[in-house]
Amino acid sequence: MKNKEEELEALARSQRFDIIGISETWWDEFCDWSALLDGYRLFRTDRQSRRSKGVAMYVIEGLECMEVTAGNGTVENLWVKIKWQTNNADVIVEVYYRPSSQDDHANELFFEELRDTSKSTALVLMGDLNLPEINWEHYTTDTTQAIRFLKNWMTILWNRF
């Protein structure tokens, strides 16, 4: 992420997105540039205690929002609850990074957090699932771990509608 600072700032200025999610930030306490963007509130989770990537979310100023605590820190994600002014409804937005080496136990923790945190409100999920073996257009795969992941994913989606 450090080498993308100028690109991120230019994109944020020109597009004025309401929400910007970033996975694999690699930020830590020694981050050598200001991660703040004018006009945005920053939420971030840095992984300093283990070799990991980190996630961040920028929410445009003016949107009422707050970070939501979920899980025990095993899953690399960040949850923010946003109250939209137009319909006064809450939306949970998650930025998620799934390392390609993540095991089934961590996958299950992710789905548990997803079910618990979003059960009573709208959900937006963004990030990197690191599952190239899944054909997301047709929801198919051949690997055992990806099949389990996809089954949980489809169960959660099905139960939301």
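The paragraphs below go through the salt bridges one by one.

This is a predicted model, where local features need pLDDT of at least 70 and side-chain atom pairs count only at pLDDT 80 or more, while totals for chains, interfaces and linings use all residues. Residues are numbered from 1 along each chain as its sequence is written, and side-chain values use heavy atoms, with hydrogens and water left out.

Side chains of opposite charge can pair when their charged atoms come close. A salt bridge here is a side-chain nitrogen of Lys or Arg within 4 Å of a carboxyl oxygen of Asp or Glu. How many salt bridges does this rule give? The count is three.

Let us begin with R148 and D104, whose side chains form a salt bridge with an N to O distance of 2.2 Å. R148 sits in helix α3 (residues 144-160) and D104 in helix α2 (residues 104-118), so this pair ties together parts that are 44 residues apart in sequence. Helices are DSSP runs of H or I with at least four residues, numbered from the N terminus.

Are these two side chains buried or exposed, or in between? R148 is partly exposed at a relative accessible area of 40%, and D104 is partly exposed at 31%. Partly exposed lies between buried (under 20% relative accessible area) and exposed (over 50%), using a 1.4 Å probe and protein chains only.

Next, R115 meets E108 in a salt bridge at 2.8 Å, N to O. R115 is partly exposed at 34%, and E108 is partly exposed at 33%.

Finally, K83 pairs with D90 in a salt bridge, with the closest N and O atoms 3.0 Å apart. K83 has 24% relative accessibility and counts as partly exposed; D90, at 26%, is partly exposed.

Terms used
Helix = DSSP H or I, 4+ residues; strand = E, 2+ residues; numbered from the N terminus.
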